Amino acid sequence: MLEYKIFSIFAKILTANRKDMDKKGFLYRVFDLYYDGFRNMKLGRTLWTIILIKLFIMFAILKVFFFPNFLKEHANEGEEPDYVATEMIDRAQ
């Protein structure tokens, strides 16, 4: 969703300045490079799919099983900042 908003804002900027901007403008060339590259991608789509699946596995699945919520287990609710401050002071000494 955020990517779509950024893309639409960038597209509005390009279309608003299209009258003043010729095809050699820097922003137009950068936009055209990425737009044309992603449009004509064949093998790249497969690679991006593999990359996104791996990122999902790393951040969604592995986080749930291997990285428990340490503060939830050791600090009372609402006292997390005090617990962290105490631990930092104790470990620094």
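User: What counts as a helix or a strand here, and how do the elements of the chain run?

Analyst: Helices (H or I, at least four residues) and strands (E, at least two) are DSSP runs, numbered from the N terminus. From the N terminus on, this chain runs α-α-α-α-α. That comes to 5 helices and 0 strands. This is a predicted model: local features need pLDDT of at least 70, side-chain atom pairs count only at pLDDT 80 or more, and totals for chains, interfaces and linings use all residues. Residues are numbered from 1 along each chain as its sequence is written, and side-chain values use heavy atoms, with hydrogens and water left out.

User: Which elements have the lowest and the highest mean pLDDT?

Analyst: pLDDT is the predictor's confidence in each residue, from 0 to 100. The lowest mean among the elements is 65, in helix 1 (residues 2-16). The highest is 90, in helix 5 (residues 80-92). For the chain, the mean is 79, and 77% of residues reach 70 or more. Where pLDDT is low, the predicted coordinates should not be read in detail.

User: How do you know that the span of helix 3 agrees with its number of residues?

Analyst: The expected span is 1.5 Å times one less than the number of residues. Helix 3 (residues 43-66) has 24 residues, so it should span 34 Å. Its end C-alpha atoms are 33 Å apart, which agrees. Helix 3 also bends by about 30° at Ile57; the bend is the angle between axes fitted to the seven residues ending there and the seven starting there.

User: Why are Phe31 and Tyr35 called a stacked pair?

Analyst: Rings of Phe, Tyr and Trp (its six-membered ring) pair if their centres lie within 6.5 Å; planes under 30 degrees apart count as stacked, over 60 as edge-to-face and the rest as tilted. By this rule the count is 1 aromatic pair. The Phe31 and Tyr35 centres are 5.8 Å apart, with 10° between the planes, so the pair is stacked. Both lie in helix 2 (residues 26-39), 4 residues apart, about one turn of the helix.

User: What makes Glu87 and Arg91 a salt bridge?

Analyst: A salt bridge is a side-chain nitrogen of Lys or Arg within 4 Å of a carboxyl oxygen of Asp or Glu. The closest N and O atoms of Glu87 and Arg91 are 3.4 Å apart, so the pair qualifies. Both residues lie in helix 5, 4 residues apart. Arg91 is exposed at 67%, while Glu87 is partly exposed at 24%.

Notes:
Buried < 20%, exposed > 50% of the residue type's maximum accessible area, 1.4 Å probe, protein only.
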